[in-house]
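Please read it alongside the sequence and the structure.

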Amino acid sequence: MNSNVKDNEAQPSTEIEIDLSRLFKALWRHGVVLLLAAVLGAALLFSCSFFLIAPKYTATATMYVNNGSNTNSTLSSSDLSASQSLVDTYIAILKTRTTLEQALEATGAPYDYEDLLEMVSADSVDDTELFTIAVTSTDPEEAALLANALAELLPDRITNLVEGASAYIADYAVIPTEKSSPNVTIYTLIGLLAGLIIAAAVIIIRDLTNDEITQDEELSQLHPGIPILASIPDLQTQDSSGYGYGYSEMPEGGGKRAKNKDGKQAGGGDMVGEQLSFAAREAYKMLRTNITLSLPDSGECKVIGMTSSLAFEGKSTTSVNLAFTLAESGKLVLLLEADLRKPSQADRLSINRSPGLSNLLTGNCTMSQASQKTELHKNLCVITAGDIPPNPSELLASNRMAECIKNFQEYFDYIVLDLPPITAVTDAVLAARLVDGLVLAVHTGYCRRPVLRDALGQLEFADAKLLGFVTTFNNIKSKSYGRYGHKYGYGYGYGYGYGESAGKKQQGGKT
């Protein structure tokens, strides 16, 4: 298997190519939004066209054009062609200022020349000797009155201007009963399509510009040389029985949480051990299998580091469940909480917070005093972080830390280090030299590409032995932590003192 970050990621991919299947999936996931946008757009334009836009009516009169050169009762094809060629001339005469103003004077309509010009249109009828005069108005009676006035005025205007030509009224305009505009059906369809297109465009743009890692396939495409060791389902998803995620029966052992000596349930609200759903337990077993296959079979104690790019990616929950799963396989396992800035395992397992690792490293307790048993499994021991020290980086990088790990290896088959996230503090990078392999927890839908690249860059610089990713779905609302999750150091690694009061302030944080 891969031995370090540089080998794993020889040619990292810095961007994702446009994947049509991914875009279709994004649209499918937001199908309800698309539907609502389409309905809203249709309703909006329907309301505008029906209630806000004044309806207009069009009245049409039909005129016949006669070529003055024709004196016979029978029209030849040349006569017909000559008459058709005059239609454009007659339409131009119709729209002259004099003709329109005479029509306004005859009808008394309250318009000027420019207004009536916009209301009038004319066109030939299928390349015949006929053409129509159409007037559009919000008043149907007014539209018919103006159309007929123009039809009656136009023959005299043509006779006076075009020698030998004439025009006759073929059909008078009648008062229209149906509005010509707006077409409510067309407006509604336009609104529906506009809403659908705009919503789809927004979804696609957001998907293309979103730098969150949303799925395992995307993570594999970004970093093809680093394997995904396991994908952990959402531990907080429950079915009707309370043990859910596709499993309707209680887990083996009754699904009860382990209790400490005071009778309190272990877990502190987190899903650990046998409290896990069937799907989650199987995922952790897959993680255990892939990690053991990734490490050399030397028969010696294996030290496994668990870290993440950011806080709230599930690395501490994954650490304890990995340790539990290794213990289930018959191995003696030590869970060592090396997150000395923001410890959480004591609350998670309902055990004493101190003495712990910090006390051990400062010589204030022995290994036996720091080590605690839980009822999660008889093969599992835990050493919590202990009291929060003022110099966690120095403690983790000290020779004393290396000596402690070496001493622990004499008693255990596996040591699982719960390390801090990488991008804000150097603790995890400093401790990377002590482990046989590192596993990086990635919370899909929360971790962002630039942050993950930063974390991998730091591990590569430290020549860390990265075994692979474990993707987690621990139901954290990523938007509440900001675009970069405040890079973990925001309110995390600063202002913490050494002692009981400082430690109590930081309990309860899920990492």
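**Buried charges and a helix crossing**

Glutamate 212 is buried, with a relative accessible area of 7% (buried means under 20% relative accessible area, exposed over 50%, partly exposed in between, with a 1.4 Å probe and protein chains only). The model is predicted: local features need pLDDT of at least 70, side-chain atom pairs count only at pLDDT 80 or more, and totals for chains, interfaces and linings use all residues. Residues are numbered from 1 along each chain as its sequence is written, and side-chain values use heavy atoms, with hydrogens and water left out.

**Salt bridges**

- Side chains of opposite charge can pair when their charged atoms come close.
- The model holds 12 salt bridges, a salt bridge being a side-chain nitrogen of Lys or Arg within 4 Å of a carboxyl oxygen of Asp or Glu.
- Glutamate 212 pairs with arginine 448 in one of them, at 3.2 Å from N to O.
- The two residues are 236 residues apart: arginine 448 is in the loop between strand 11 (437–443) and helix 18 (449–461), and glutamate 212 is in the loop between helix 8 (184–209) and helix 9 (216–222).
- Helices (H or I, at least four residues) and strands (E, at least two) are DSSP runs, numbered from the N terminus.
- Arginine 448 has 6% relative accessibility and so counts as buried.
- Glutamate 218 and arginine 449 form a salt bridge, with their closest N and O atoms 2.8 Å apart.
- Since glutamate 218 is in helix 9 and arginine 449 in helix 18, this pair ties together parts 231 residues apart in sequence.
- Glutamate 218 and arginine 449 are both buried.
- Aspartate 339 and lysine 315 meet in a salt bridge at 3.0 Å, N to O.
- Here aspartate 339 is in the loop between strand 7 (333–337) and helix 12 (345–349), and lysine 315 is in helix 11 (residues 315–328), 24 residues away.
- Both of these residues, aspartate 339 and lysine 315, are buried.

**Helix 5 against helix 7**

- The axes of helix 5 (residues 97–107) and helix 7 (residues 140–161) come within 9 Å and cross at roughly 130 degrees (axes are lines fitted to C-alpha atoms, for helices over the stretch in contact, and angles run from 0 to 180 degrees between N-to-C directions).
- That angle makes helix 5 oblique to helix 7, as angles under 35 degrees count as roughly parallel, over 145 as roughly antiparallel, 65 to 115 as roughly perpendicular and the rest as oblique.
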